[in-house]
Amino acid sequence: MNALLTSIKNNTANAVTCCNLLSGALAVIASFHCFDTWWWGLQGYQVAFIWIAAAAVFDFFDGFTARLLHASSPLGKELDSLSDSVSFGLAPALILYNMMLQAYPLQAWAAYLTLLIPVFGILRLARFNTDTRQGTVFTGLAIPANAIFWIGFTNFFASQPDVMPLWIVVALIVVLSLLMVCNLRMFSLKLHNLSLKAAWKQYAIIAVFLASVIAWGVSGLACTILVYIILSACTKQD
């Protein structure tokens, strides 16, 4: 009985992580029905957004559960990275991939460049797992932040495909992918300190997030991440 309880305790956090992976896989499926009407009148890409958001919730609670149950393990760490690579790397990339196929039918080759997003995302995760210095300060753009940008961008792109030059989309794919593996020091978006002086950058991003989402809805997420990147580049990270 004790062995069973210990096994349940040790694997509860891993089960939550697997829910992250499952959500990401469902987002991938929805991405291939981008403009089909799915649940509650939502289009496929919007359903994919919901599944990626669900993955983010599970991603938060797997770590929380592991700490609560004192069940952190190397296996859980690797499983978390593998799940993140699907939910925050592959899923947003395939949303963009399917949108680009429809928006640029004569330049279909460009859609394959979206695969740079999961490739560099996995490189980012691998480097994070082997670098003990990354805690409250990251080296390179974290893969969840990259996913947030693409959710905002693809939401805008879905409504304005005719006004978006292909070269801008390609440039964003390349730049955002490289940002994940560059040496730019970026502050954590998590509030580790409630002091305004100590956490002014996090409060600034919260303010930008609220203003952007109120003004532009989901598309405002892309603006929030761009401001985050610029702020990280222009300020010193301790």
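Select Tyr 45 and Phe 49 in helix H2 (residues 44-69): they are four residues apart, so about one helical turn separates them. Helices here are DSSP runs of H or I with at least four residues, and strands are E runs of at least two, numbered from the N terminus. The model is predicted: local features need pLDDT of at least 70 and side-chain atom pairs pLDDT 80 or more, while totals for chains, interfaces and linings use all residues. Residue numbers start from 1 along each chain as its sequence is written, and side-chain values use heavy atoms, without hydrogens or water.

Rings of Phe, Tyr and Trp (its six-membered ring) pair if their centres lie within 6.5 Å; planes under 30 degrees apart are stacked, over 60 edge-to-face, the rest tilted. That rule gives 14 aromatic pairs. Among them, Tyr 45 and Phe 49 are edge-to-face, at 5.5 Å centre to centre and 75° between the planes. Both residues are buried (under 20% relative accessible area; exposed is over 50%, partly exposed in between; 1.4 Å probe, protein chains only).

Next, select Phe 187 and Tyr 228. Their ring centres are 5.0 Å apart with planes at 90°, so this pair is edge-to-face. Phe 187 is in strand E2 (residues 185-187) and Tyr 228 in helix H8 (residues 220-234), so the pair ties together parts 41 residues apart in sequence. Phe 187 is buried at 2% relative accessibility, and Tyr 228 is buried at 2%.

Then select Tyr 104, Phe 149, Trp 150, Phe 153 and Phe 157, a cluster linked by ring pairs.

Finish at Ser 177 in helix H6 (residues 166-181), buried at 1% relative accessibility. Leaving aside neighbours within four places in sequence, Ser 177 contacts (heavy atoms within 4.5 Å) Leu 116, Ile 117 and Phe 120.
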